[in-house]
Amino acid sequence: MEFEAPAVQLGAIGPEIALVTTALLLLIVDAFIPEGEERWYLAVLATIGFGVAIILAANQWGERELQLARMVAVDNFATFVKTSVAVFAVLTVWLSRDYLKRSEDEESEFYALLLFAAAGMMLMASAADLIMVFLALEIFSISLYVLVGFRRRSLASQESAMKYFLLGAFSSAFFLMGIALVYGATGTTNFYPGGGGEGIAGYLVSSAASDVDLLVLGVGLLIVGLGFKIAAVPFHMWTPDAYQGAPSPITGFMAAGTKFAAVATMLRLFVVVLYPLRADWRPILIAVAIATMLLGSVLAVIQEDVKRLLAYSSIAHAGFVLTGLIAANDRGLSGSLFYLATYGLTVLGAFAVVTVLAGRKERNVTLASYRGLFYERPLLAGALTLFMLSLAGVPLTSGFVGKFLVFGAAIQAGYWWLAVIGMLASVIATFFYLRVLVVMYMQEDDRGLQPAITGRLANSVVGLTAAATLVLGIVWGPLIDLAERATVFFA
Amino acid sequence: MPLSYVLVLAALLFSIGVYGVLARQHAVLVLLSIELMLNAVNINLIAFSAWLQDTGVPGQVFALFIIAVAAAEVGVGLALVILIYRNRRNVDVEGLSLMKW
């Protein structure tokens with residue numbers, strides 16, 4: 001029997017290989033360090049791993065092909081997402097270094113899981129086959145389940161990990177059912193035509209939408225699975241609990257990275273591959289987006305825990321990004337990419353401030369513990385002010401530009417009313433962002449803020465993200481330009 | 001055997017799984033119900049794979065991937081169950097109510 005081995009171009013997944021190798025190396029190195037010794041070089045090793053991954057990913061800029069038996073798309077879009085995720089992850093590592101020193105948790109496993117999660121997110125961005133999407137999704141999900149429960153002695157952390165895990169596995173089952181139905185309808189799991197098959201995109205063009213009932217049902221279930229990962233209403237129930245219980249640096253990484261990876265897959269799948277089917281998926285996503293924007297903003301108003309407040313804010317932001325996706329035009333694509341890249345940096349910064357202030361065992365995370373913050377730590381309060389204003393979408397911050405782009409795209413596509421609802425939700429959201437500011441600046445601290453143990457690394461993360469938030473809000477041109485060039489897909 | 005028989009079987013299994021996830025108290029039983037849902041997906045994939053014949057290979061491969069990933073997932077899930085059992089002496093899902101709204 002003739003057997004032709006497929007050509008293996010490992011360069012296509014070079015960044016992911018770099019991350020996984022580093023993770024394994026970390027675990028081995030850690031085993032040889034005697035108990036009780038300083039482990040700063042683990043963080044250095046993880047940083048080097050991400051550095052290599054960023055370089056390898058950036059090298060793929062400009063390429064446009066399907067590799068590894070047509071499983072992985074190498075294009076500007078994937079490169080943009082991969083680089084952003086790696087940057088988020090590096091910032092998380094630096095933040096975690098000080099966090100872990102304070103909480104005395106194991107470091108090597110933490111970084112290794114973070115590396116695995118980032119590798120999964122990167123793979124997700126370039127997945128060109130539903131099998132690949134599923135594998136990438138599970139790689140980062142399983143890593144995150146463990147990371148969420150990493151504060152082993154905290155009941156809240158255990159509870160949030162359990163909730164995240166059970167609901168995550170539940171939604172994965174729906175996602176898989178969706179894939180099975182799509183496969184049954186189209187006879188393929190691959191996105192693009194070629195290599196002896198027509199792919200989902202090719203199928204939609206060829207059969208001229210004669211019998212797509214099964215396919216639409218499958219796509220609906222795919223929305224359930226992906227909507228869960230981006231925390232869209234009504235699949236958002238896990239978000240506040242998981243965000244509250246998880247270690248703060250991980251919460252920031254989940255908000256930034258998971259959202260980016262899952263929306264990236266949605267952009268590739270819906271806007272590019274399933275574009276001919278848009279009359280079917282658009283109404284579902286519009287309903288989801290409206291519910292997400294409004295419910296996320298309204299429920300955040302009553303929160304007393306800062307992490308929970310930011311969790312609801314992250315739900316609302318998922319809705320804002322979806323408006324760019326629903327627009328399904330070039331502007332919507334580049335707008336969503338810009339939005340997620342800048343939102344990721346801002347939300348990481350916000351959680352960096354939360355991490356610094358939380359203290360041991362994360363006790364100081366209530367809004368009340370932020371009273372009079374400005375008078376005790378003016379720089380941190382200033383940075384948090386900037387992040388809150390950016391999340392609210394105030395001009396001169398990156399959040400404003402992002403919102404402007406996605407709402408602009410929706411208006412261009414004729415969904416002006418969706419943009420109006422989005423702006424309305426933003427106004428509601430502004431209320432609770434301002435509430436944080438009021439607490440920081442206008443209320444007296446009556447019990448004395450516990451001195452937070454901080455390190456230079458965590459502070460530098462706050463500084464870097466604050467600078468990025470401000471600079472990208474004033475000089476947005478280059479990043480928008482990059483995001484526009486990143487809408488070159490393999491198609 | 002018509003394809004629809006197998007699809008109905010898979011749909012039934014999937015529904016039983018969904019019911020189990022929603023109705024069961026014990027975390028391990030919830031896990032088992034999720035496994036039921038995943039196996040329903042496997043049955044679906046293999047039925048479609050046999051039905052499609054010449055383009056049927058991805059379905060079978062996919063089923064294998066699901067089995068492998070489900071095993072990894074259950075590994076993490078049972079670890080969490082043990083962790084929670086150590087602290088609370090029970091693993092009822094209803095008891096996980098430290099955080100609400």
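# Reading patches, an interface and salt bridges

Me: Which residues make the nonpolar surface patch of about 430 Å²?

Reply: A:W40, A:V44, A:I48, A:V52 and A:L56 make the patch. This is a predicted model, in which local features need pLDDT of at least 70, side-chain atom pairs count only at pLDDT 80 or more, and totals for chains, interfaces and linings use all residues. Residues are numbered from 1 along each chain as its sequence is written, chains are lettered from A and ligands numbered from 1 in the order in which they are written, and side-chain values use heavy atoms, without hydrogens and water.

Me: What counts as a patch?

Reply: Patches consist of residues with over 30% relative accessible area and no salt bridge; like charges are joined within 9 Å, nonpolar side chains (Val, Leu, Ile, Met, Phe, Trp, Tyr) within 5 Å. The areas come from the Shrake-Rupley method with a 1.4 Å probe, and for residues only the protein chains shown count as cover.

Me: Where is A:V52 placed, and how is its accessibility described?

Reply: Buried means under 20% relative accessible area, exposed over 50%, and partly exposed in between (1.4 Å probe, protein chains only). A:V52 has 38%, so this residue is partly exposed. A:V52 belongs to helix α2 (residues 40-59) of chain A; helices are DSSP runs of H or I with at least four residues, numbered from the N terminus.

Me: How is the size of an interface given?

Reply: Often as the accessible area lost when the parts come together. Here the loss is summed over both parts, with a 1.4 Å probe. Between chain B and chain A about 3,700 Å² is buried, and carbon and sulfur atoms give 80% of that area. The contact (heavy atoms within 4.5 Å) takes 43 residues from chain B and 41 residues from chain A.

Me: How many salt bridges cross the interface of chain B and chain A?

Reply: A salt bridge is a side-chain nitrogen of Lys or Arg within 4 Å of a carboxyl oxygen of Asp or Glu. The rule finds 1 across this interface. B:R88 pairs with A:E159, with their closest N and O atoms 3.5 Å apart. On the side of chain B that touches chain A, α1 (3-23), α2 (27-52) and α3 (57-88) each supply at least two residues. The largest share, 17 residues, comes from α3(B).

Me: Which residues are linked with B:R88 in a network of salt bridges?

Reply: The network links B:R88 with A:E159, A:K163, A:D241 and A:R308. A:K163 and A:D241 meet at 2.9 Å, N to O. A:K163 lies in helix α6 (residues 155-186) and A:D241 in helix α9 (residues 238-245) of chain A, 78 residues apart. Both A:K163 and A:D241 are buried.

Definitions and conventions
Buried area = accessible area lost by both parts, 1.4 Å probe.
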